[in-house]
Amino acid sequence: QPATLKPHNAPRADRKPPGGWTESAPVSAARAPAKWRGVVRGTPVEFPFDPYACQLDFMDTALGAVDAGASAILESPTGTGKTLCLLVSTLAWAKRHAPAQTAKADHGGPPPERRAVVYASRTHAQLSQAVKALRASSYAPRVAVIGSREHLCGHSVVKRLRGTAQNKACRALCAARGCSLRNELDKQLKARKGEDFGDVALDIEELVDDGKRRGTCAYFGARANLKDADLVFAPYNYVLDERHRATSGIDWRGTIVVLDEAHNVASVAEDAASFELTAADVGGAARELDHCVDALGRMQLKASLDAKDGGLDAELPSEEGLLQLKRVVLGLEDALGRVACPTKDPEGGAAYLEDRGGRLHELVLHPAGLTCAAAAEWFASGLRGAADVLAGDGDEASKNASAKLELLERATRLAFRG
């Protein structure tokens, strides 16, 4: 249906932002003034220029889906301003519904359901383009950007690590108040007394530069506004991958999710729910467990020397537990070696299993003793514990030495998903 247009010409100074919205101060340039104001699907919309008919139709369809709480697949030719239309329409809808939520909370009702917008795209470069499109609009929502430590960490040592080793090193350093960047961020956030830390939307590279300028941690600075954000920019995997979604810090209730460049969604979702495991990978996990046994001895000795009562750290796995894990790993390696299936690397002789459903369990998992979800959870949790031991070991040989354990843990959890 064509968009329904109505005058909406009240001066901006006379229209105060509804509860939960703020007029953000610009850094290098003021927000673009709205040159067009109208009503689309009952929602007042501001646009930086007179929209074309195709843009009105695009916003009309997007708002129709949001109104109905439904999904929509929208397509428009390159250069027709899809990103701007999606941002403007969804933010306008969230802004329109903000007063009702505030009133409901004021009258002693249950906590209102937040109407945040999560805008996801495949690459950081595409998200940067979305940030620029937001700046071209008259909307100034509170913005948060999700990124990994790999992209945002500024600590001289931690930023060189990867995966579990990086995450664990960061947590340990912050717990000991040993990261000057995180400490300075906490100090500045406290001085602002809960106000938004950033005044404008920043992309990943700008967040890193802003952290350097402030002398603060860009990773935790980016997450500081998540709780109260009206708009969240995130890579695809934080929406489509269950593991990242659970730890993203986003309250997904009532959230409007926009997946830009959606032709990439199928492959990203497939990757999030798939794994590839070779006999060489499993053999590598067995060797990493051997390293873990050595690391465990060093850590137990250190714990016994450091503890006042001479006891050991109860959270450390036992050597017997690690050996049990290794027996299962060797069983998986043997089972993979027995599977008769085409190899992707004939010269290397690596055995690959690419299968769906029961044959994976029948041919590989069950012979190794992973016959039920409970056994798989014990195994996956044990692998995670072993990876944490390697991440926490101070020995140089243990740094970044848990890649195969993490791969096998993820494969096990995916294979036994309900």
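## Strand β3 and its partners

β3 pairs with strand β6 (residues 256-259) in the parallel sense, over four bridges. Two strands pair if DSSP finds at least two bridges between them. Strands (E, at least two residues) and helices (H or I, at least four) are DSSP runs, numbered from the N terminus. V117 stands opposite I256 in β6. β3 also pairs with strand β5 (residues 231-235), again in the parallel sense, over five bridges. There, V118 has V232 of β5 as its bridge partner.

How many residues of β3 (residues 117-121) are buried? Five of five are, and the strand is mostly covered. Buried means under 20% relative accessible area, exposed over 50%, and partly exposed in between (1.4 Å probe, protein chains only). V117, Y119 and S121 point one way from β3, while V118 and A120 point the other way; all are buried.

## Basis of the model

This is a predicted model: local features need pLDDT of at least 70, side-chain atom pairs count only at pLDDT 80 or more, and totals for chains, interfaces and linings use all residues. Residues are numbered from 1 along each chain as its sequence is written, and side-chain values use heavy atoms, with hydrogens and water left out.

## Cysteines

A disulfide is a covalent bond between the sulfur atoms of two cysteines. The cut-off here is a pair of cysteine sulfur atoms within 2.5 Å. A search of the whole structure finds zero disulfides.

C174 counts as buried, at 16% relative accessibility. C372 is partly exposed, with a relative accessible area of 35%.

## Cavities

A cavity is a set of points on a 1 Å grid over the protein atoms alone, where a 1.4 Å probe fits but cannot get out; lining residues have an atom within 4 Å of a point. Points are joined across faces, edges and corners, and a volume is the space filled by probe spheres set on them. The count comes to four cavities of 30 Å³ or more.

The second largest cavity holds about 130 Å³ of space. Of its 13 lining residues, F275, L277, L360, V364 and L365 are the closest to its centre. The elements giving two or more residues to this lining are α13 (319-338), α14 (358-365) and α16 (403-415). α16 gives the most, with four residues. The lining has 12 nonpolar residues, one polar and no charged. Nonpolar covers Ala, Val, Leu, Ile, Met, Phe, Trp, Tyr, Cys and Pro; charged covers Asp, Glu, Lys and Arg; the others, Gly among them, are polar.

Definitions and conventions. 1 Å grid on protein atoms, 1.4 Å probe; cavity = no way out; pocket = protein on both sides within 12 Å on 5 of 7 lines; lining within 4 Å.
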